[in-house]
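I opened my notebook to look up a few things in this structure. Here is what I wrote down, entry by entry.

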Amino acid sequence: MTDVLRASASPAVDDGPRTPDAAAPGTAPAAPAAGSGATAPRGTGTGAGTGADPAAAADEGTDGGVGDEVREAVHAVCRAAQVASRRLRTATGATKDAALRAAAAALVAATDRVVAANAEDLGRAERDGVSPYLRDRLRLDAGRIEDIAGAMADVVALADPVGEVVRGSTLPNGLRVRQVRRPLGVVGVVYEARPNVTVDAVALALKSGNAVVLRGGSAAAATNAVVVEVLRESLVASGLPADLVSTIDAHGREGVRALLRARGLVDVVVPRGGADLIRTVVETATVPTIETGTGNCHVYVDAAADLDEALAVCLNAKVQRPGVCNSAETVLVHRDVAEEFVPALASAMAEAGVVLHGDTTTQELAVGVPVRPATDEDWAAEYLSLDLAVRVVDDLDQALEHIDTWSSRHTEAICTTDTRAAERFVAEVDAAAVAVNASTRFTDGAQLGLGAEIGISTQKLHARGPMGLTELTTTTWVVTGDGHVRT
Ligand SMILES: NC(=O)C1=CN([C@@H]2O[C@H](COP(=O)(O)OP(=O)(O)OC[C@H]3O[C@@H](n4cnc5c(N)ncnc54)[C@H](OP(=O)(O)O)[C@@H]3O)[C@@H](O)[C@H]2O)C=CC1
Ligand SMILES: N[C@@H](CCC(=O)OP(=O)(O)O)C(=O)O
């Protein structure tokens with residue numbers, strides 16, 4: 001069976017000239033816009049055009065709708081992060097590891113404070129009608145804080161990427177050349193209301209020698225404020241600058257746009273979120289960015305699938321954590337096994353509380369289980385809930401065509417015992433991750449051995465899939481001679 005999860009090399013990002021944007025007028029306030037909850041079929045781009053942000057639109061071409069005050073405040077944070085990042089360039093692995101261990105312990109020690117702030121966020125989310133699945137992403141308790149600290153320890157245990165010689169040789173003229181891994185510098189992260197991401201981002205950024213500027217989902221503002229405060233205090237206690245970790249949460253979405261235009265002050269911004277965020281990034285950013293797109297992931301159950309195994313994979317992919325980007329939204333079933341598989345799938349999903357949306361054949365075969373007629377909206381949807389679209393396909397070609405049309409290029413899975421079908425699937429699907437006889441839920445930094453992830457890139461440059469330590473570095477060519485001159 002093809003090893004579908006082999007790591008690939010990633011080229012460096014262009015960090016552009018180190019001159020911040022000139023100040024531009026524009027006092028329009030930030031205007032939140034709801035995401036569409038659906039991904040577009042192939043050919044319509046990254047979700048541009050879904051939702052609207054009048055402030056950004058009104059000020060397009062000037063400074064992304066950012067007022068002077070917010071721009072200056074965000075740039076000040078980035079400048080301080082840039083200064084702090086220089087301290088980490090030369091920090092030893094031992095220094096960074098000790099600081100991260102201390103930070104993990106500080107977080108656990110602050111459990112009561114963090115949980116109290118989280119309760120505030122959860123109460124507000126419930127009053128605002130946020131779905132239970134999204135509230136699950138937001139929720140912290142003592143056990144989850146222990147897990148988060150454990151994830152930090154996992155990152156500490158990984159090899160320090162900084163200083164790694166990627167390649168090197170002595171040229172015929174005697175010049176010694178080495179390509180050496182270095183930190184990027186300042187990494188901005190805009191992410192969902194999921195406080196574990198705050199800590200994952202900090203652990204990965206610091207271990208790879210970077211300062212990090214955070215902008216978490218507003219629903220998690222109280223939790224993140226406490227977490228960031230605890231981490232900053234801990235850094236100082238470890239003899240490192242607090243400004244290695246900072247937040248721009250106070251500046252709302254206008255702050256996000258200011259960060260996206262802090263060219264010369266941040267080296268890369270990683271936006272983790274839905275179509276509306278990505279549209280804003282595409283239209284606003286002047287800094288290098290790495291997009292982490294929405295998840296519209298499929299499981300294809302082939303004619304040669306082990307159907308018990310396939311059922312377990314489908315259930316896990318849909319039900320284990322339906323509110324996250326790597327959960328499955330559509331199951332495609334080969335016609336030859338549909339009569340046996342669809343009824344089993346339908347009753348297992350119904351038992352797990354899943355609402356099915358299916359094509360005509362699925363509706364006919366799912367005896368005793370209600371199936372809503374599926375439309376193109378269902379094939380496009382990233383439900384992020386206990387909803388699942390099901391389609392019976394004629395063969396692997398039709399499955400591949402469906403995936404090519406509707407996939408968000410995040411994660412696609414095939415269940416089959418046919419090696420040739422698996423190899424075709426791996427070769428022909430265009431996605432950040434492809435799983436063979438395994439759940440889509442494995443597309444996760446921790447699960448793939450990266451300790452954690454700063455996001456799951458659905459673009460092809462500079463990284464693709466879960467981004468860990470290596471993806472937060474660039475390289476420098478070090479050329480050493482003995483007074484060599486070029487002739
Ligand atoms: N591939 C990956 O690694 C990941 C993908 N995702 C995807 O994100 C989506 C779900 O997360 P959700 O919390 O709803 O994500 P959102 O896109 O709603 O929010 C993520 C972050 O982006 C901000 N944001 C959203 N829209 C804008 C905008 N127009 N301008 C500036 N900032 C903006 C949010 O701020 P505010 O709080 O103000 O709304 C928040 O901080 C799903 O589609 C999921 O698949 C999520 C995480 C990881
Ligand atoms: N790392 C995650 C998946 C990525 C993620 O953060 O997704 P999301 O909850 O949509 O923001 C996990 O499987 O736990």
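Predicted model: local features only at pLDDT ≥ 70, side-chain atom pairs only at ≥ 80, totals over all residues.

**Entry 1: Arg409**

Is Arg409 buried or exposed? I counted 25 other C-beta atoms within 10 Å, and 20 or more is the cut-off, so Arg409 is buried. Its place is the loop between helix 15 and strand 12. I then looked up the backbone: phi of Arg409 is near 70 degrees, a positive value in a residue other than glycine. I noted beside it that most residues other than glycine have a negative phi.

**Entry 2: Leu384**

I looked up Leu384 next, which also has a positive phi, about 55 degrees, although it is not a glycine. Where does Leu384 sit? I found Leu384 in the loop between helix 14 (376-380) and strand 11. Here I counted 21 other C-beta atoms within 10 Å, and with the cut-off at 20 or more, Leu384 is therefore buried.

**Entry 3: a cis peptide bond**

Which two residues does the cis peptide bond join? I found Leu461 and His462, with omega at about -10 degrees. I reminded myself that most peptide bonds are trans. His462 belongs to the loop between strand 14 (456-457) and strand 15 (465-466).

I picked one pair to follow. Strand 7 (residues 297-301) and strand 12 (residues 411-415) run parallel, and four bridges join them. In this pair, Val301 has Cys415 of strand 12 opposite it.

**Entry 4: helices on that sheet**

**Entry 5: strand 6**

I moved to strand 6 (residues 268-271) and asked which residues cover each face. Val268 and Val270 are on one side, Val269 and Pro271 are on the other, and all are buried. Strand 6 pairs with strand 3 (residues 186-190) in the parallel sense, over four bridges. Gly188 has Val269 in strand 6 as its bridge partner.

**Entry 6: two domains**

How is the protein divided? The domain assignment gives domain 1 (63-169 + 177-290) and domain 2 (297-442). Their C-alpha centres lie 34 Å apart. I found five residues of domain 1 in contact with four residues of domain 2. On the domain 1 side, the touching residues are two nonpolar, one polar and two charged.

**Entry 7: ligand 2**

Which residues are around ligand 2? I listed Arg137, Glu192, Arg194, Val324, Cys325, Asn326, Arg441, Asp444, Glu453 and Ile456. Sorted by class, this shell has three nonpolar, one polar and six charged residues. Domain 1 and domain 2 each supply at least three residues of the shell around ligand 2.

**Entry 8: ligand 1**

How many residues surround ligand 1? I got 29, and the closest are Glu192, Ser218, Gly273, Cys325 and Ile456. Helix 9 (252-260) and helix 10 (275-284) are the elements that give two or more residues to this shell. Helix 10 gives the most, with three residues. By class, the shell around ligand 1 has nine nonpolar, 13 polar and seven charged residues.

**Entry 9: the whole protein**

I finished with the overall counts. The protein has 16 helices and 16 strands. Of its 487 residues, 51% count as buried. I also looked at contacts between residues at least 6 apart in sequence, and 75% of these join residues at least 24 apart.

Methods
Residues numbered from 1 in each chain as written. Chains lettered and ligands numbered in written order. Pairing = 2+ DSSP bridges. Domains from an automatic or database assignment. Contact = placed C-beta atoms within 7 Å. Nonpolar A, V, L, I, M, F, W, Y, C, P; charged D, E, K, R; others polar. Buried ≥ 20, exposed ≤ 12 C-beta atoms within 10 Å, placed from the backbone. Near = placed C-beta within 6 Å.
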